Amino acid sequence: MTKNKFSAFIAIALLCIAFSNGQQTPIFTEYNYNPFIINSAYAGMTKSPEFSISNSGFFNQFEGSPRSFSLSGHGSLNRKKVGIGAGILRDEIGVTKSTSFFAAYSYKIFFDFKSNRPYWQLYDAGVLSFSITAGLQQYQNNLTQLGIIGDPNFSQDINASIPTVGIGFLFNHASFYAGFSSPNVLGDALATEDNIELKSPYYGYLGYRFFNNRFKDLMIKPNALLKYENGAPLQVDLNIAISFRNKFEIGTGYRTSSAINLLAGIYLFDNVRAIYNYNLATNDSPLGNTHGFILSYQFGDGYSIK
């Protein structure tokens, strides 16, 4: 097989992966340490405004492998009853690129639940949050770069703008949380091009925060994420992390038929949190392993425990 044919084969394989699984697959660090990216109902849940930046796959040696980047921020208004935020997401795989921007609004209902545990995970105890987002996705599929001649499906590039509307729900207690969201319930209904087909993913996730008075410096945080997208297999992420007084933490996770995740994080200067993620591919994936990180800054007291 010549080099050009091999490159075309890999590119087509990447396109198949992109179309079958979608490009909005979150990684362990993303939805555990910046839930706002997949569920806008999280807007305003932290004690003070928070900004996060993350990427995954940019250090991969394999050309055309998946890469993602995000920049987001959110905070609260009106005695924390209202949350606002915005985010930018960039995904690349093969010759396909997607850039999305969204703005979010959330409203919260508070419940008076008692809890004798420390204020660890920086969520308000007893909150039901609803949210809506509005945004725009710019979708590019540079099919002509593949150099495939004689096939009309690859004879022209695709460049489309897609208005998006998302929803989110989140219930949080000091001990556990559960949420449901979709970043774009309209799919490609408002796309400027007719020759694209984009499916909208739906996320459901839940987690628990184990705390024991005998080990007051530790908290164990298991959680699960389910992703459903029409035409693709149900994806399940199972993860667990151990935190030491919001100073540092380690974790691991498993994504069905895809990868094992490992992470290590450290909290710096009270206001800064840095998380490194290593994604170990399984099932002889041609895309290999990936590195990623997420860096967050929270104003006020930050991540410190007062």
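**Questions on a predicted model**

Trainee: Where is K97 placed?
Mentor: This is a predicted model. K97 falls within residues 96-110. That run is strand 4.

Trainee: Is K97 buried, partly exposed or exposed?
Mentor: Buried would need under 20% relative accessible area, and exposed over 50%. K97 has 27%. K97 is therefore partly exposed.

Trainee: Which residues does K97 touch, leaving out those up to four places away in sequence?
Mentor: Contact here takes heavy atoms within 4.5 Å. With residues up to four places away left out, the partners of K97 are R90, D91, E92, Q138, Y139 and Q140.

Trainee: R90 and E92 meet in a salt bridge; what is the N to O distance?
Mentor: Both side chains are partly exposed: R90 has a relative accessible area of 24%, and E92 has 22%. The cut-off for a salt bridge is 4 Å. The R90 and E92 side chains meet it, with N to O at 3.3 Å.

Trainee: Which element has the lowest mean pLDDT?
Mentor: The protein averages a pLDDT of 81, and 77% of the residues score at least 70. Over residues 1-24, pLDDT stays under 50. Where pLDDT is low, the predicted coordinates should not be read in detail. Strand 7 has the highest mean, 94, and the lowest, 44, belongs to helix 1.

Trainee: Which elements give two or more residues to the largest nonpolar core?
Mentor: That core has 16 residues. F36, I38, Y42, M45, L170, Y205 and L225 touch the most other members. The elements giving two or more residues are strand 4 and strand 8.

Trainee: F36 and F102 form an aromatic pair; is it stacked, tilted or edge-to-face?
Mentor: The count of aromatic pairs in the model is 11. For F36 and F102 the centres are 5.5 Å apart, with 40 degrees between the planes. Stacked needs under 30 degrees and edge-to-face over 60. The pair is tilted.

Trainee: How far apart in sequence are the parts that F36 and F102 tie together?
Mentor: F36 is buried at 1% relative accessibility, and F102 is buried at 11%. F36 lies in the loop between helix 2 and strand 1, whereas F102 lies in strand 4. The pair therefore ties together parts separated in sequence by 66 residues.

Trainee: Is N184 buried or exposed?
Mentor: N184 sits in the loop between strand 7 and strand 8. Beyond four places in sequence, N184 touches I162, P163, T164, V165, G166 and S200. Its relative accessible area is 8%, and the cut-off is 20%. N184 is buried.

Trainee: What share of the residues counts as buried?
Mentor: The protein has 2 helices and 14 strands. Its accessible surface comes to about 15,200 Å². Of its 306 residues, the share that counts as buried is 47%.

Methods: Residues numbered from 1 in each chain as written. Predicted model: local features only at pLDDT ≥ 70, side-chain atom pairs only at ≥ 80, totals over all residues. Heavy atoms only, no water. Helix = DSSP H or I, 4+ residues; strand = E, 2+ residues; numbered from the N terminus. Buried < 20%, exposed > 50% of the residue type's maximum accessible area, 1.4 Å probe, protein only. pLDDT = per-residue confidence, 0-100. Core = buried A, V, L, I, M, F, W, Y, C linked by side-chain atoms within 4.5 Å. Phe/Tyr/Trp six-rings, centres within 6.5 Å; stacked < 30°, edge-to-face > 60°. Areas by Shrake-Rupley, 256 points an atom, 1.4 Å probe, with all protein chains shown as cover.
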